[in-house]
Each structure stands twice: as C-alpha cells, then as structure tokens.
Amino acid sequence: MTIFLAIALGVFLIGLYLLFITPLRVDRWVETHFVASAYGLPPREVLDNRRPGPPPPAHRAQEMQSVADAAWAGDWHPAARYVREAGEDWDERWDRLELLRQVAREDDAWLDAWRAAEPGNCDAATLHARIMVRRAWEIRGGAFAHQVPASDMNRFRAMLPDAIEEARKAALLDPANPGPWVVMVTAARGAQYGHAQFNWLWEGLIARAPHHYEGHCQALQYWCAKWYGSNRRMMRFARQAVRKAPAGSPLAGVYLHALNELTARSPSTALPVTPRTRSLLKRIAASFDQVAPDDERLPLLRHLLASAMLRSMMYAPALEQFRRIGPWCGAEPWRTEGNPAVAFEAARGRAAKLSRTRPAPAPQVYGLSR
C-alpha cells in the first residue's frame, strides 16, 4: 500500500510541477531571454495589434471604397455590379454583401433605391433581410439571455419573423442563391426554431452551397450549448466540417471556432489533449496551406490555430503558425487577455521554448582594426 501511495504522490507532484512551476519558469524565460528573431519571428518592436493580418491590397481597398462612395452619393449600380461579379463563388458573394451591409449602416437610401428599381433582384432583397437580422441582434446585444433586459429581448424576437419572411421571399427570386438561406439560418436561433425547423433550413442551404463558410459558422452557433445544442453536438458538427472541407476552402477553421466557443464560455475549460484533437489540428493546418494566401479569413484562423495548438501542447506546430502569422496580433485569442501584443508575445515565446527549437546563432559582427 505504501508503494502505491508513493507512486500516487509522485504522479501528483509531477502534475503539480507541470501545471504550475513549468509555466512560471517559461514565462520568466520569455520576459528575460526570448529573442523572437532567433526563432524566425518578427521582433516584438514591430508587433501590430491593430489587425489580425495585413490590410487588403491597395487595388482591393480602392475598389471597396469606390463602391461605398458611389452608394453614399446615391448610385446603387456599382454596388449591384460588385456583388454580381462574384458569380457563383458564394463565399465571395456573401463577403461582398457583408461589405454592403456595413456601407448601409451609414446611409441605406441607395439600397431603397436599388430595391425599388430592381424588385426582382435577389442580392438586394437578401441584403435587406440581412440588415433586418443585424438590427435585431444589435438590440439584443451579445450577452447571455438572462443578462438581456426583457424589453430588448422582446423587441429582438419580434423583429426576427419579419426578417425571415423577407429572406424567404428573396430565396424565391433566385432559387440557386444560398444567400437568403444563410440569413434564415442566422436568424433561426434567435427566432427559437426547434431542431426540425432548423434542419429544414440547413438542408436548404447546403443543397445550394455545401461548403458555405459563414453558413457553417452560423449553424455552429445554433448547435452550441448556449442556444439549442450542446458541447457534444457542436463539436460533432465542427468535426464534420473538417472532414468535408474541400481543397482551397477555409471551412476546416469552423472547428477552431468551436474550440474558441468552449473556452470563451468557460475560460477554465481545458482543451481536450487527445490524439483525435491533435490529428484534427494537423489536418486543419494542412488544409490552410491550400487556401489562397490573400483570403482575408485566413489570418484570424491562423491565430486560433496557433492558440489551440499551444493549449494542446503541440509546440513546434504552433511555432510554425506564429511564423506564418508574422507581426499581426490584433486577434481574438490575444485581445481577451488584455494587451494583445503582450499576450501574443508570451504565447509565441512559450511555443519557442517548449518546442525545444534551437535558436539561430546571432550573426557575428567584426570591427575594423585600427
């Protein structure tokens, strides 16, 4: 019995050391000895916490500004053309509608004119329904249900049926367009749709766009524990997204949003360090290598991946993600910890130290003899 107690005590002490002592020692090392450039990382002096990744190329920014300026001047034609030119790239088409939604927040008279001129245009109708859902959510806010004033919650729920009806009408205008279905999937949880009602909407969406990124993100929220699912349902949905993600799509990143949902709701929740989790994270990293480098969703997803790998004790793969991220640190995993630059520096320092990566030797500087 004494031997078993000794073994148990030894295991406990080792666990205590790994849980408390090792992180403290690593954090002290990061503060005093970590030199980012020795590990192929940008130095801390150039870290930028304003964005998760580089700004869009100049021509892309100019195009978006031109569309916005024309809309605010009352001309809706560039906006209509901007969305139409995305063709059947449904993810890109949704992203362009999202830009127009932001433009309409400042002035939506141009959208009213567009809808009046082209009442059969699915994009205009979808955008209108999307804005209705967004306005309802702005009233509700992002707090948990018990924290939202009853008057705000009642207004929120009263607005959603009309938004869903507008999206349903939009869907009739272009049966192949998944945009209205994304709007309905987004609104479903706020409208208190049961599983059967939601599944009908979901089947309608994936029949038109089986790999729609935003559609999957919104469905993930429906299946999370704070709405109409559970941790188990949410994680099962997320794993399915990883398995069916096609080459070139960031869809596998939905799994990272699921992990983030777990820890955001309960910060003390530990990420399950299992062979399956690690295998999925490796698969996600490989899928990201096939996504277009200029995909604006990719930088944020790499931040989430680096954070998840670090918490899964995959230190060398995490370090590789930090190298790909570069100096940009204005992303959610680090913002939740106060100063994002400080949290980002600590995280990549831990990845460097615990990966046992050998730092590159400092270049020798030879002085001139007199």
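Let me start with Arg 302, which, leaving aside residues up to four places away in sequence, touches Phe 288, Asp 289, Gln 321, Arg 324 and Ile 325. Please keep in mind throughout that what we are looking at is a predicted model. Arg 302 itself sits in helix α14, which covers residues 298-311, and because its relative accessibility is 8%, which is under 20%, Arg 302 counts as buried.

From there I would like to turn to helix α11, which takes in residues 231-244. How far apart are the end C-alpha atoms of this helix? They are 20 Å apart, and this agrees with the 20 Å that its 14 residues should span at 1.5 Å a residue. Several residues of α11 are buried, among them Met 234, Met 235, Phe 237 and Ala 238, and the list of buried residues in this helix also includes Arg 239, Ala 241 and Val 242. As for their surroundings, the buried residues of α11 pack against α9 (195-208) and α10 (213-222), and also against α12 (254-265) and α13 (275-288).

My last stop is Gly 330, which lies in a loop, the one between α15 (315-325) and α16 (332-335). Is Gly 330 buried or exposed? Gly 330 is buried, because its relative accessible area is 7%, and the cut-off for that word is under 20%. Although Gly 330 and Leu 47 are 283 residues apart along the chain, their C-alpha atoms are separated by 9.2 Å. Again not counting residues up to four places away in sequence, Gly 330 touches Asp 48, Asn 49, Arg 51 and Pro 52, together with Arg 335.

Key:
Residues are numbered from 1 along each chain as its sequence is written. This is a predicted model: local features need pLDDT of at least 70, side-chain atom pairs count only at pLDDT 80 or more; totals for chains, interfaces and linings use all residues. Side-chain values use heavy atoms; hydrogens and water are left out. Helices (H or I, at least four residues) and strands (E, at least two) are DSSP runs, numbered from the N terminus. Buried means under 20% relative accessible area, exposed over 50%, partly exposed in between (1.4 Å probe, protein chains only). Contact means heavy atoms within 4.5 Å. The expected span of a helix is 1.5 Å times one less than its number of residues.
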